[in-house]
Amino acid sequence: MSNKVLIFDTTLRDGEQVPGCQLNTIEKIQVAQALEALGVDVIEAGFPISSPGDFRSVVEISKAITNPVICALTRAVKKDIEVAADALQFAKRKRIHTGIGTSPYHIQYKIRTTPEEIVRRAVDAVKYARKFVDDVEFYAEDAGRSDNEYLAKVIEAVIKAGATVVNIPDTTGYCLPEEYGAKIRYLMENVPNIDKAVISTHCHNDLGMATANTIMGVINGARQVEVTINGIGERAGNTSLEEVAMIIKSHHDLGLETNINSKLIYSTSRLVSTLMSMPVQANKAIVGRNAFAHSSGIHQDGVLKHRENYEIIDPHEVGIRESSIILTARSGRAALNHRLELLGLKFGKEELDDIYHRFLLLADKKKEINDEDIRILSGEVFKGEKSLKLELLQVTCGRSAIPVATVGIRINGEVHTSTASGNGPIDASFTAVRHLISKTVHLEEFLIQAITKGSDDLGKVHIQVEHEGRTYYGFSANTDIITASVEAFIDAIAKIK
Ligand code: KIV
Ligand code: ZN
């Protein structure tokens with residue numbers, strides 16, 4: 001048996017069924033092109049009879065894509081099959097994916113017929129589809145809850161009718177990995193003509209077992225897996241492409257391979273997430289924001305000593321530039337020093353101790369310290385003693401309160417204080433500062449920026465003041481924006497000669 005596992009991507013069909021994830025045709029072409037570059041073998045481009053939009057997308061994707069097989073979904077209904085064949089007319093390699101429910105639930109309560117009638121309709125659909133295309137995939141909907149003996153009969157019949165691929169969906173995501181694996185093994189051993197078709201897995205994630213079930217399917221003989229980018233899909237989603245591809249790549253013991261270019265996994269994940277407005281959960285395997293992030297001091301130290309201590313995949317392998325050491329209050333000197341070095345900043349032990357001290361103070365106020373924070377922290381080390389330094393700032397403000405600020409500034413070694421009111425806390429503080437200095441300064445520009453996003457973020461303040469026709473620039477950053485503003489104001493004034 002071949003060791004190649006074919007990747008059938010259904011992001012544009014099962015994935016796109018998710019409410020709010022609908023894409024227009026241009027966006028679908030963009031995703032399909034990314035999937036082609038990624039190396040998927042089959043792209044399920046849509047369900048053409050379901051809407052004119054889906055029909056058009058299958059047509060346009062068929063025109064735009066060269067290498068992967070383009071697949072269109074149908075029910076076991078003649079009209080569906082005719083419309084799918086029409087939509088696929090421009091595909092260089094085409095497949096019709098037709099099928100019907102085979103579980104007691106579907107037979108009795110959904111289709112309301114008999115098991116014998118299901119076999120007849122399944123066979124008719126496959127034969128009809130073969131009139132239009134050579135490559136016909138049959139799905140036995142809810143195969144996960146179908147009786148194995150009956151399922152084997154259906155599969156034997158559809159292969160005889162011309163199916164080239166037989167899809168065994170765990171439509172409701174109910175199967176246990178062992179159970180799903182045993183189902184595939186049962187079909188491998190009990191369908192006499194199984195060598196004439198490829199078995200495909202199609203697992204849903206209702207109980208969080210989609211990837212495990214897919215892998216068990218492959219271990220037991222399936223050679224095609226139906227997956228989506230980021231695992232998006234109906235309800236709890238489908239098996240995620242990136243997980244299966246990286247399991248197969250990492251576990252050499254499986255002796256299997258795919259055609260996926262893993263270096264494009266991350267960018268494809270981002271593209272799909274952005275176009276579908278579907279954020280990827282932070283701890284999602286392979287592509288989540290934290291998938292290669294280390295925040296505990298012990299893990300950070302371990303990764304820095306030898307990446308494999310805590311990483312089983314090199315992030316470069318999936319197109320992520322580097323594993324991220326998240327700097328938090330739990331990070332040690334080694335992690336901080338590593339980040340400083342990555343930023344091109346080298347310090348001796350004493351300076352590093354000083355930066356580390358500041359770092360811990362900031363980390364107590366702010367959950368995560370980013371590169372901008374680090375640059376600011378390390379820059380402060382070299383600012384040296386200032387002729388003007390803010391020593392005290394106390395502000396009263398709020399709704400119905402008159403803003404009042406008391407400011408204490410060290411001027412040439414001595415602390416001077418002043419209190420003033422204003423139309424807001426910053427105006428009050430700046431007025432108090434003006435009382436303490438002998439120079440006349442005009443505020444020309446005042447800009448407050450959050451560095452990243454959270455309410456615990458550092459605020460950056462840029463200030464430009466004018467004194468006797470010359471402009472002076474001041475800057476500061478602090479989690480308290482009023483403090484940052486006053487420090488930036490003083491920083492500018494201190495530069496006046
Ligand atoms: O989950 C499922 O059974 C399906 C089929 C239509 C293949 O998506
Ligand atoms: Zn499905």
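Mentor: Let's start with one residue: D14 is buried, with a relative accessible area of 3%. Buried means under 20% relative accessible area, exposed means over 50%, and partly exposed is in between, using a 1.4 Å probe and protein chains only. Keep in mind that this is a predicted model, where local features need pLDDT of at least 70 and side-chain atom pairs count only at pLDDT 80 or more, while totals for chains, interfaces and linings use all residues. Residues are numbered from 1 along each chain as its sequence is written, chains are lettered from A and ligands numbered from 1 in the order in which they are written, and side-chain values use heavy atoms, leaving out hydrogens and water.

Trainee: Okay, which residues are the protein donors of the zinc ion (ligand 2)?

Mentor: They are D14 (OD), H202 (NE2) and H204 (NE2), lying 2.0 to 2.1 Å from the zinc ion. Donors are N, O and S atoms within 2.8 Å of the metal (3.2 Å for Na, K and Ca); water is not among the atoms, so sites may look incomplete.

Trainee: What spacing do those donors follow along the chain?

Mentor: The spacing is D-x187-H-x1-H. Helices (H or I, at least four residues) and strands (E, at least two) are DSSP runs, numbered from the N terminus.

Trainee: Is H202 buried or exposed?

Mentor: Buried, with a relative accessible area of 5%.

Trainee: In what order do the eight strands of the barrel come?

Mentor: The order is β1-β2-β3-β4-β5-β6-β7-β8, and the pairing is parallel. Neighbouring strands of this sheet are turned by 25 degrees against each other on average, direction ignored. Two strands pair if DSSP finds at least two bridges between them. As an example, β4 and strand β5 (residues 136-141) pair over six bridges, and T98 stands opposite F138 in β5.

Trainee: Which strands does helix α6 touch?

Mentor: Helix α6 (residues 148-161) packs on the sheet, touching β5 and β6 (165-170), and its direction makes about 150 degrees with that of β6. Helix α8 (residues 210-219) packs on the sheet as well, touching β6, β7 and β8 (224-227), at about 170 degrees to the direction of β7. Contact means heavy atoms within 4.5 Å. Axes are lines fitted to C-alpha atoms, for helices over the stretch in contact, and angles run from 0 to 180 degrees between N-to-C directions.

Trainee: What do the buried residues of α3 pack against?

Mentor: They pack against α2 (52-64), β3 (69-73), β4 (94-101) and α5 (115-130). The buried residues of helix α3 (residues 78-87) are D80, I81, V83, A84, A85 and A87.

Trainee: New topic: how many aromatic pairs does the structure hold?

Mentor: Four. One of them is Y128 with F132, edge-to-face at 5.2 Å centre to centre and 80 degrees between the planes. Y356 and F359 form a stacked pair, 5.8 Å centre to centre with 20 degrees between the planes. Rings of Phe, Tyr and Trp (its six-membered ring) pair if their centres lie within 6.5 Å; planes under 30 degrees apart count as stacked, over 60 as edge-to-face and the rest as tilted.

Trainee: Where do Y356 and F359 lie?

Mentor: Both are in helix α13 (residues 349-365), three residues apart, about one turn of the helix. An α-helix has 3.6 residues a turn, so residues three or four places apart point the same way. Y356 is buried at 11% relative accessible area, and F359 is buried at 0%.

Trainee: What lies over the face of Y128?

Mentor: K78 does, at 5.0 Å from the ring centre. Likewise, K63 lies over the face of F90, at 4.9 Å from the ring centre. A charge sits over a ring if NZ of Lys or CZ of Arg is within 6 Å of the ring centre and within 35 degrees of the ring normal.

Trainee: Last one: what is the order of the open sheet of three strands?

Mentor: The order is β14-β15-β16, with antiparallel pairing. The edge strands are β14 (442-450) and β16 (470-478), each pairing on one side only. Strand β15 (residues 459-467) and β16 pair over nine bridges, and V461 has S476 in β16 as its bridge partner. Helix α16 (residues 481-494) packs on this sheet, touching β14, β15 and β16.
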